[in-house]
Amino acid sequence: MDGVHRTVCAFIPSALLAVLLTTAPAVAESWPSRPVKLILTLGPGSGADIGSRLLADRLTKKWNQPIVIENRPGGDGIVAINAFVSAQDDHTLLFAPSSSFIGHPYLHDNLPYKASDLAPIARVSNTVVAISVPADLPARTLGDVLDLARAKPGQLNWAGLTGALDIIFEGWLKSVGVDIKKVPYRNPVEAANDLAAGRVQLYESAYAIARPQVQAGKIRVLAVTNTARASAIPDIPTVAEAGQPALTMDGLVGLFGPPTMPIDLRGRIAADIKAVMDTDPVIKERLISTAQLPNPGGPAELAKSIDEQRTVLAKAAKDLGIGAK
């Protein structure tokens, strides 16, 4: 029994577990027996939304069942997660970036769900996350930004929303000893627009959010937080290459099911996703063109990737003096 299976089984009563293990192969073979719903933590047009719709189109044909996309943005991802957990249905799945939930224990009291409510099914892609500045800011590297911040303490601002990326970014600022003030935003596009106008001087976001202003020549991307360079912007270094490895964080996007979903079924769904991603060049081209890196993997690979991110996040939270609530 693998680590992911043990984690899930720990939360299932023994009698129910025995039934699930006995019937798992049959369930895996017969699933889906009706329409499948994918609940998203982000709105239409986001990278995760585009990826989910590409997969839904291909998997509908493979599974001979319709797949419905339901966008439930808001509440720092909690709105969508609540809808998913409340369904208690193996035909209702959660399609989300890990950043939608791994920061929750540090940001919210009395969360209405447990981490064990999200059983990993498949790793899908890594969203390209960019660190950008206004085009007219005299800084072409992250090192230049730090030099500028030290020369003008407290005079620079960074646009922040909420979640794991903000915790890591703020932890990094503290670790390098610079005073850059956070300006909170609720809308990522508004933050990108204010960056372009010079009202804030630094912004970490999905590259897709910044790209229109980049193409308009109003924003300059300094680095990506991903572990590898993005083929959409191959000349932009990773934060590790830029000398700031503490900022490394992939925009991990994955698929999750209820904890009662058998591991055999989760593995089969992951295999189906990987098969269509590996064999359909349109999916790869479309993901890359929308600043995403195809990265299909199974339940264990998704769980491992999330655990690694939680370790990075825990260190940043500790540096900031933030404990899990």
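This dialogue sets some labels in a predicted model against their cut-offs.

Tutor: Local features need pLDDT of at least 70, and side-chain atom pairs count only at pLDDT 80 or more. Side-chain values use heavy atoms, without hydrogens and water.

Student: Why are α3 and α11 called roughly antiparallel to each other?

Tutor: The axes of α3 (residues 47–63) and α11 (residues 281–289) cross at roughly 170 degrees. Angles under 35 degrees count as roughly parallel, over 145 as roughly antiparallel, 65 to 115 as roughly perpendicular and the rest as oblique. Therefore α3 and α11 are roughly antiparallel.

Student: Which residues of α3 meet α11?

Tutor: Ile50, Gly51, Leu54, Leu55 and Arg58 in α3 meet Val282, Ile283, Arg286 and Leu287 in α11. Contact means heavy atoms within 4.5 Å.

Student: What makes Ser125 count as buried?

Tutor: Its relative accessibility is 1%. Buried means under 20% relative accessible area, exposed over 50%, partly exposed in between (1.4 Å probe, protein chains only). So Ser125 counts as buried. Ser125 sits in strand β4 (residues 119–127).

Student: Why is the pair of Trp158 and Phe169 called tilted?

Tutor: The centres are 4.8 Å apart, with 50 degrees between the planes. Rings of Phe, Tyr and Trp (its six-membered ring) pair if their centres lie within 6.5 Å; planes under 30 degrees apart count as stacked, over 60 as edge-to-face and the rest as tilted. Trp158 and Phe169 thus form a tilted pair.

Student: What does this pair tie together?

Tutor: Trp158 lies in strand β6 and Phe169 in helix α7, so the pair ties together parts that are 11 residues apart in sequence.

Terms used
Residues are numbered from 1 along each chain as its sequence is written. Axes are lines fitted to C-alpha atoms, for helices over the stretch in contact, and angles run from 0 to 180 degrees between N-to-C directions. Helices (H or I, at least four residues) and strands (E, at least two) are DSSP runs, numbered from the N terminus.
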